[in-house]
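Me: I am new to this structure. Please show it, and then I will ask about the contacts within and between its chains.

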There are 4 protein chains.
Amino acid sequence: MKPLKRISFRDTGFKYALSPYDKPVACVKPKETIVVETEDAASGQIRKPGDLRDREKTPFGNPLVGPIYIEGARKDRSISVTIGEIKPTIGQGATYLTRWNESYLTSIPVFKLMNVDLPNEAKICKIRDGFVYFSDRIMIPYQPMVGTLGVAPYPEAESTSSGVLPGRHGGNMDLPDIAPMSTVFLPVFHEGALLYLGDVHAAQGDGEVSGTAVEMPAEVTIKIDVVRESNAWPRIETGHVVMSVATTSAGRNLEDAIRIAFLELIIWMEKRYGLNRFDGLMLCSQVGRVRVGNLWTVAASIEKKYLKALQ
Amino acid sequence: MKPLKRISFRDTGFKYALSPYDKPVACVKPKETIVVETEDAASGQIRKPGDLRDREKTPFGNPLVGPIYIEGARKDRSISVTIGEIKPTIGQGATYLTRWNESYLTSIPVFKLMNVDLPNEAKICKIRDGFVYFSDRIMIPYQPMVGTLGVAPYPEAESTSSGVLPGRHGGNMDLPDIAPMSTVFLPVFHEGALLYLGDVHAAQGDGEVSGTAVEMPAEVTIKIDVVRESNAWPRIETGHVVMSVATTSAGRNLEDAIRIAFLELIIWMEKRYGLNRFDGLMLCSQVGRVRVGNLWTVAASIEKKYLKALQ
Amino acid sequence: MKPLKRISFRDTGFKYALSPYDKPVACVKPKETIVVETEDAASGQIRKPGDLRDREKTPFGNPLVGPIYIEGARKDRSISVTIGEIKPTIGQGATYLTRWNESYLTSIPVFKLMNVDLPNEAKICKIRDGFVYFSDRIMIPYQPMVGTLGVAPYPEAESTSSGVLPGRHGGNMDLPDIAPMSTVFLPVFHEGALLYLGDVHAAQGDGEVSGTAVEMPAEVTIKIDVVRESNAWPRIETGHVVMSVATTSAGRNLEDAIRIAFLELIIWMEKRYGLNRFDGLMLCSQVGRVRVGNLWTVAASIEKKYLKALQ
Amino acid sequence: MKPLKRISFRDTGFKYALSPYDKPVACVKPKETIVVETEDAASGQIRKPGDLRDREKTPFGNPLVGPIYIEGARKDRSISVTIGEIKPTIGQGATYLTRWNESYLTSIPVFKLMNVDLPNEAKICKIRDGFVYFSDRIMIPYQPMVGTLGVAPYPEAESTSSGVLPGRHGGNMDLPDIAPMSTVFLPVFHEGALLYLGDVHAAQGDGEVSGTAVEMPAEVTIKIDVVRESNAWPRIETGHVVMSVATTSAGRNLEDAIRIAFLELIIWMEKRYGLNRFDGLMLCSQVGRVRVGNLWTVAASIEKKYLKALQ
């Protein structure tokens, strides 16, 4: 069996923005499976106790691999990215607090007004046997996920950064659902789609409330395809659920992102399962679920078991 | 065995606001278990196909039973309400759309600007054998919950209504977690706490995105107690999780409610489990979960299994 | 000339909530002019340097005078309140910071997380000769206004408090435009309207960003009337502008309140001046103005000079 | 006198994003005055009655001129841009509605859910003698302003687009205060600052609530300089006021942008006028003013007359 194509940050260098202007680092065909090697969100700066995030040296977070040019991806289509295995490269991850995280707690500069700072702290977490060792006494399951996955957005897009606002193009969504065995559908805004990914987490809570997950360098196997149906916002599908993603890009609030995610899901359900949109709205009101990724991303989902009788 | 005290909306009439000024409809002792009979959120107006919500006749939604005076409840304490069995009174519930629901889809009067309306629609859902029959072809599990549970708030509280904004006093939180076997802790703002409840649902999705769940009249068994520890915001505890609730009262947005819920959870974990607040913040960032009740209420939770090694 | 009817907090006591359940303290006829004497927002606790707001003694802020029953006010009508002279009762006002104000700076309990507090500070400001003396070196114009003006809301209203969220019923709007020579139109939700007012300021900035203005006890002359046209949200009219108010009640954000205020203004302009609503929308986009009252209240306005050619 | 350097979109082509990666179109020295010729926000597509915005042909809005490299601009400094004369190039502007504007009315796709659209409409507005002719019967003053002015942001910046979210780097702020005789201070994130501008308006209301102002091609005279003091967010200064700008970038809401703008203004006042930050907070609460630019940008200001006694 021929080895899979391999794209590594060691060869491509770092990107911090999802840009339509960058030269592709690789070109893949529909249905091709590849392996992508990513660096961690701190650019490898936090590897042993006492290490600190150094913003002078590396001002940006979340280095990405990309753009990957996908043959046949054009504006009236979408691409699909199916996540395969996610392997930790160095057997550990790290989570940390710095004064930069304060914007996760509140966007208002009250710490600045009061002359206080968040403490600097980092935890190095070993990953072994399906567990992540948060501390001597607390272990948590290894549930790896891809934090940032997206295509090059419009130049006037809602954001072009891995560091901040995700949008219709995906980006830094931090959804624990982008995990092995799930497929992500993304709209295409530029020829070749221009896919980027990075920011892999060994585990992450909803909201990623300190600003960092267990950030780790990783090897991610993905299968890429081009699909005819197009979608306005990212979608995720697993064996059990269909899920629609929306974000707070363009200045909307999280409540409105939830509304958008559900309305997009409802219109998708109407198209795929023939469920009238107003019935779909009423059904989601009973069994819909909301996932909060980070404080800028939500996903609305419904289990397929409720819909299969309609097929 | 002596029958439990029984408080029914048939005897007490409807209340639509959680008010410190109302005369108690009953008085209970700490550790007492009672049965409360509640009317559905549409005040019984939707019982058969074709029924419509009539806002002229009954302008308000979510009729409540209360206030219930709790002996020993005073300002430096909290009350706990443990949910027992929730029985549907008439073997059915209803979910519906009306033009009033449009504020659930967006708070902007665009429908008014464009002279369009949401269609009027109602579904009567039979409840039997552990299922709710949403339609001929779609059945969903019976997962009953109490939509509105709260105490009389401060007069200048963030809201005093069952119909709208929940707050520190609880109220219309619409959390599927307020279900059999869970305990809700509420701060006390007035002597006797003055507890109200109603708005029971046979099933409800996150966000309750059409504006109504499967609304049903019900009999709810609850055990009430007074506890010494006080909490700023509602808390929920089950055998598996500890959970802190926050809302968008006072004009804050849902992101900020999520931040508050986690910070309150972290301070609670520090007090109960001795986990330093900054470690708690980092742990929640890996394994914390967010529940969206309605578009004004969130809860942040952590599974107790992560904390038991600390005891 | 017969002296005007006079309603004083000295006779009526304090109210902290705009409630449909309170017994009226006075009854007035359409077109009647009355004088209302109000206490300051700190209930008179801050009168000399060193005084502090004592929340144990008086937990609530913004004491109100009311409800005033207005003859002929009923659901399909609105009331108008024209502001006349506003006189400072004791020749001074006060502005202050306390730890309670922190929610004005951010709704997130970060101060609690970091164990810091806002400093306690109060300034007593003399009012004389048309000036307010903020400090030895800074004097500002005396521009008095009524901070809280509203009618009893629905029991399930968006808020029933003077302390917090204003809504369709008015309430704690903190708009500098509610000043001598302006008329406020309020919808009626209960027979008699049940008007409340208080929280008078000698001066106030947009957003009232520390949480307090120059709070003063005052005598306010108002002329009350009943009008046939009804409005969904409060309106303000002066000789120069028409203005529509909206708030963040019901969990919406300020952007959405701005959208509502403009859409309501546009529909009002269509009705009154015959300007097609889409032309009105485009005109407001060129010459509309936004006032931010407090962080929960906005008003959208247009100068009448742009509309007079249409009459 | 030597003619001023002139930079025209005719020579440089259009840019739609403020990017650190673009090649400068010109290089200027500190204290240099230049003339910039900009195209209108619709890329010239709407010039006579019946013209429509064609998104297939030109998908992006707000074409910009830039980047302009400024000698001596580096990270620890700021640049200042003083606005001189703003001349309409073709004696007219245009304002219009299209279905794309609906996101200005609400970010929720309710129009999509209900299958309705905003009407297509355009008004061509002659500009003459200091007036803008909105229609036969309505004329408004010519009050020109620069809608988009900004420097290249961080790659992980809050937005890199002229079309959408402004941020610390400026961008599409749509503040009527960026007008002749005002100076804008912008932080520098890249060597040479890399200045962009465009999107000139003949008049604009607060909030720009239809989504378009009176958009016109224009010649803008600006004087550029480099200053030693650096600022976290854009500042504006006129003869009368100092003003601090903040935006909803990074997912915050407008209330929080107002809080940031005032806290930044207060810290600026402390540094420049020696007014203690807590006194500054209390003073802004009495005489601070808020400008709403578009629904993503606010500015907090104070008149210098209140501060001059401190110098």
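Me: How many salt bridges does the rule find across the interface of chain B and chain A?
Reply: This is a predicted model, where local features need pLDDT of at least 70, side-chain atom pairs count only at pLDDT 80 or more, and totals for chains, interfaces and linings use all residues. Residues are numbered from 1 along each chain as its sequence is written, chains are lettered from A and ligands numbered from 1 in the order in which they are written, and side-chain values use heavy atoms, with hydrogens and water left out. A salt bridge is a side-chain nitrogen of Lys or Arg within 4 Å of a carboxyl oxygen of Asp or Glu. Across the interface of chain B and chain A, the number of salt bridges found is 4.

Me: Which side chain of chain A meets Asp206(B) in a salt bridge?
Reply: The N to O distance in this salt bridge is 2.6 Å. The partner of Asp206(B) is Arg289(A).

Me: Which element gives the most residues to the side of chain B that touches chain A?
Reply: Helices (H or I, at least four residues) and strands (E, at least two) are DSSP runs, numbered from the N terminus. Elements of chain B that each supply at least two residues to this side include strand E6 (92-97), helix H4 (254-273) and helix H5 (277-287). With 9 residues, the one that gives the most is H5(B).

Me: What area is buried between chain B and chain A?
Reply: Buried area is the accessible area (1.4 Å probe) that two parts lose on being put together, summed over both. Carbon and sulfur atoms give 65% of it here. The area is about 4,900 Å².

Me: How many aromatic pairs are there over all chains?
Reply: Rings of Phe, Tyr and Trp (its six-membered ring) pair if their centres lie within 6.5 Å; planes under 30 degrees apart count as stacked, over 60 as edge-to-face and the rest as tilted. Over all chains the count is 12.

Me: Is Tyr16(C) buried or exposed?
Reply: Phe14(C) and Tyr16(C) form an edge-to-face pair, 6.1 Å centre to centre with 75° between the planes. Buried means under 20% relative accessible area, exposed over 50%, and partly exposed in between (1.4 Å probe, protein chains only). Phe14(C), at 33%, is partly exposed. Tyr16(C) has 13% relative accessibility, so it counts as buried.

Me: How far from the ring centre of Phe134(B) is Lys123(B)?
Reply: A charge sits over a ring if NZ of Lys or CZ of Arg is within 6 Å of the ring centre and within 35 degrees of the ring normal. Lys123(B) lies over the face of Phe134(B), and the distance is 5.4 Å.
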